[in-house]
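Trainee: I have a new structure on my screen and would like to learn how to read it. Can we go through it together?
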Amino acid sequence: MRLTFRDATLKDVPTITALHNAAAGALTARFGEGHWSSLATERGTAAAQRHSRVRVGKSGKRILTVLRLATKKPWAIDVSYFTPVKRPLYLTGMTVAVTHQGQGLGRLALEDSIQVARNWPADAIRLDAYDSDAGAGAFYARCGFLERGRAVYKGDPLVYYELLLA
């Protein structure tokens, strides 16, 4: 499947919110209740566009992937685990439509985010993944991200990943 990528707009907020919530429901059904079970709101989704660059991947008119890139460090990231760089970006909120998971769309979304980061310009992309069966750590490793450490933040075990762009 081929996707086209663009920055999200406020018109995309309901669709992005629904995409996040469907993924949260699928993860909860598969792995039980966890931090991943939290539902998004349209208000929160709109706020994300003010504080980060939100990228969507579309097939025709349908949004199938979404992720956020930001210069501000998320609360759960401890920078001491990462390679010191001047301009890191933080990837959060990556979601692929439940009906299209396992088809390579997540990899395409990451490839787009890497190109965006290089043009930003940024030196690295950093992220965290749940250290559990519900986490996507193995996916990020297959996409070239290197594990940088493990931590527990507010009871949630996390694995930190990084991709250096230089």
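Mentor: Let's start with a term: a polar contact is a pair of N or O atoms within 3.5 Å; within protein, one must be able to donate a hydrogen and the other to accept it, and residues adjacent in sequence count only if both atoms are side-chain atoms. Here is a case: a polar atom of the Gln49 side chain lies 3.0 Å from the backbone oxygen of Thr9. The Gln49 side chain also reaches the backbone nitrogen of Leu10, at 3.4 Å.

Trainee: Where do these numbers come from?

Mentor: You're looking at a predicted model, where local features need pLDDT of at least 70, side-chain atom pairs count only at pLDDT 80 or more, and totals for chains, interfaces and linings use all residues. Residues are numbered from 1 along each chain as its sequence is written, and side-chain values use heavy atoms, with hydrogens and water left out.

Trainee: How many helices and strands does the protein chain have?

Mentor: Helices (H or I, at least four residues) and strands (E, at least two) are DSSP runs, numbered from the N terminus. The protein chain has four helices and seven strands, and from the N terminus their order is β-α-α-β-β-β-α-β-α-β-β.

Trainee: What radius of gyration does the protein chain have?

Mentor: That radius is taken over C-alpha atoms, and the globule rule is 2.2 Å times the number of residues to the power 0.38. For 166 residues, a compact globule would come out near 15 Å, and the protein chain agrees because its value is 15 Å. Its C-alpha trace spans about 40 × 40 × 30 Å along the principal axes.

Trainee: Back to Gln49: is this residue buried or exposed?

Mentor: Buried means under 20% relative accessible area, exposed over 50%, and partly exposed in between (1.4 Å probe, protein chains only). Gln49 has 19%, so this residue counts as buried.

Trainee: What does Gln49 touch?

Mentor: Contact means heavy atoms within 4.5 Å. Leaving aside neighbours within four places in sequence, Gln49 is in contact with Ala8, Thr9, Leu10, Val13, Ile16 and Val54. Gln49 sits in helix H2, residues 42–51, where Thr45, Ala46, Ala47 and Ala48 are buried along with Gln49. The buried residues of H2 pack against helix H1 (13–31), strand S2 (53–59) and strand S3 (62–70).

Trainee: And how do I read a residue in a strand, say Val96?

Mentor: Look at its cover, then at its partners. Val96 belongs to strand S4, residues 88–96, and is buried, with a relative accessible area of 13%. Val66 is 30 residues away from Val96 in sequence, yet their C-alpha atoms are 6.7 Å apart in space. Not counting residues up to four places away in sequence, Val96 touches Leu64, Thr65, Gln101, Leu105 and Gly106.

Trainee: What should I look for in the backbone?

Mentor: Most residues other than glycine have a negative phi, and most peptide bonds are trans. In this model, the peptide bond from Trp120 to Pro121 is cis, with omega near 5°. Pro121 is in the loop between helix H3 (105–119) and strand S5 (124–130). Lys154, a residue other than glycine, has a positive phi, near 50°.

Trainee: Where is Lys154?

Mentor: Lys154 is in the loop between strand S6 (146–153) and strand S7 (156–164). With 69% relative accessibility, Lys154 counts as exposed.
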